[in-house]
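Open the model in your viewer and keep the selection panel at hand. This tour moves from one selection to the next.

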Amino acid sequence: GRRVTVVNVRVGRLRQVIPDTLQFYFEFVARDSVCEGARLELEVIDARLRCRPCDYEWDIEIPAFRCPKCGGSEVEIASGDEFEVESIEVEEVECIAPR
């Protein structure tokens, strides 16, 4: 029941999330809840691919699914596909219990 002050979210570049839009909708859905007025902190994760055969990893700007080292096409997403709540901070409540 404590008020949420900060929500930390990790968002990968491959998710195509527009930070300003996410902020707008967060404020909209937080209204009249314990999250109203909370700050949304975004950590944007770079997109990286990994070649399965040679284990090479590289940053990508646009999805080009060929390994630049060995030319292989058996690649997987190493990072950049995340969309997760990392942590939630809530206001501290002063303890009034007798000692």
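The stops below go from a sheet to single residues, then to salt bridges and cysteines.

**Before you start.** This is a predicted model, where local features need pLDDT of at least 70, side-chain atom pairs count only at pLDDT 80 or more, and totals for chains, interfaces and linings use all residues. Residues are numbered from 1 along each chain as its sequence is written, and side-chain values use heavy atoms, with hydrogens and water left out.

**Stop 1: the sheet.** Select β1, β2 and β6. Helices (H or I, at least four residues) and strands (E, at least two) are DSSP runs, numbered from the N terminus. The three strands form an open sheet in the order β2-β1-β6, with mixed pairing. Two strands pair if DSSP finds at least two bridges between them. β2 and β6 are the edge strands, each pairing on one side only. On average, neighbouring strands of this sheet are turned by 15° against each other, direction ignored.

Now zoom in on β1 and β2. They run parallel and are joined by seven bridges.

Stop 2: α1 lies across β1, β2 and β6, and runs at about 150° to β2. Axes here are lines fitted to C-alpha atoms, for helices over the stretch in contact, and angles run from 0 to 180 degrees between N-to-C directions. Contact means heavy atoms within 4.5 Å.

**Stop 3: Asn 8.** Select Asn 8, in strand β1 (residues 4–12). Is Asn 8 buried or exposed? Asn 8 is buried, because its relative accessible area is 18%. The classes are buried under 20% relative accessible area, exposed over 50%, and partly exposed in between (1.4 Å probe, protein chains only). Leaving aside neighbours within four places in sequence, the contacts of Asn 8 include Glu 41, Val 85 and Ser 87. With the side chain of Ser 87, the Asn 8 side chain makes a polar contact at 2.8 Å. A polar contact is a pair of N or O atoms within 3.5 Å; within protein, one must be able to donate a hydrogen and the other to accept it, and residues adjacent in sequence count only if both atoms are side-chain atoms.

**Stop 4: salt bridges.** How many salt bridges does the structure hold? The structure holds 12. Each is a side-chain nitrogen of Lys or Arg within 4 Å of a carboxyl oxygen of Asp or Glu.

Select Arg 10 and Glu 86. Their closest N and O atoms are 3.6 Å apart in a salt bridge. The pair links distant parts of the chain, with Arg 10 in β1 and Glu 86 in β6 (residues 83–90), 76 residues apart.

Next, select Arg 13 and Asp 46. This salt bridge has its closest N and O atoms 3.0 Å apart. It links the loop between β1 and α1 (19–30) to the loop between β2 (39–45) and β3 (48–51), across 33 residues. Arg 13 is exposed at 52%, while Asp 46 is partly exposed at 40%.

Then take Arg 50 and Glu 57, a salt bridge at 2.8 Å between the closest N and O atoms. Salt bridges that share partners join Arg 48, Arg 50, Arg 52, Glu 57, Asp 59 and Glu 76 into one network.

**Stop 5: cysteines.** Finish at Cys 54. The structure holds zero disulfides (a disulfide is a pair of cysteine sulfur atoms within 2.5 Å). For Cys 54, the nearest cysteine sulfur is that of Cys 51, 3.6 Å away. Cys 54 counts as partly exposed, at 27% relative accessibility.
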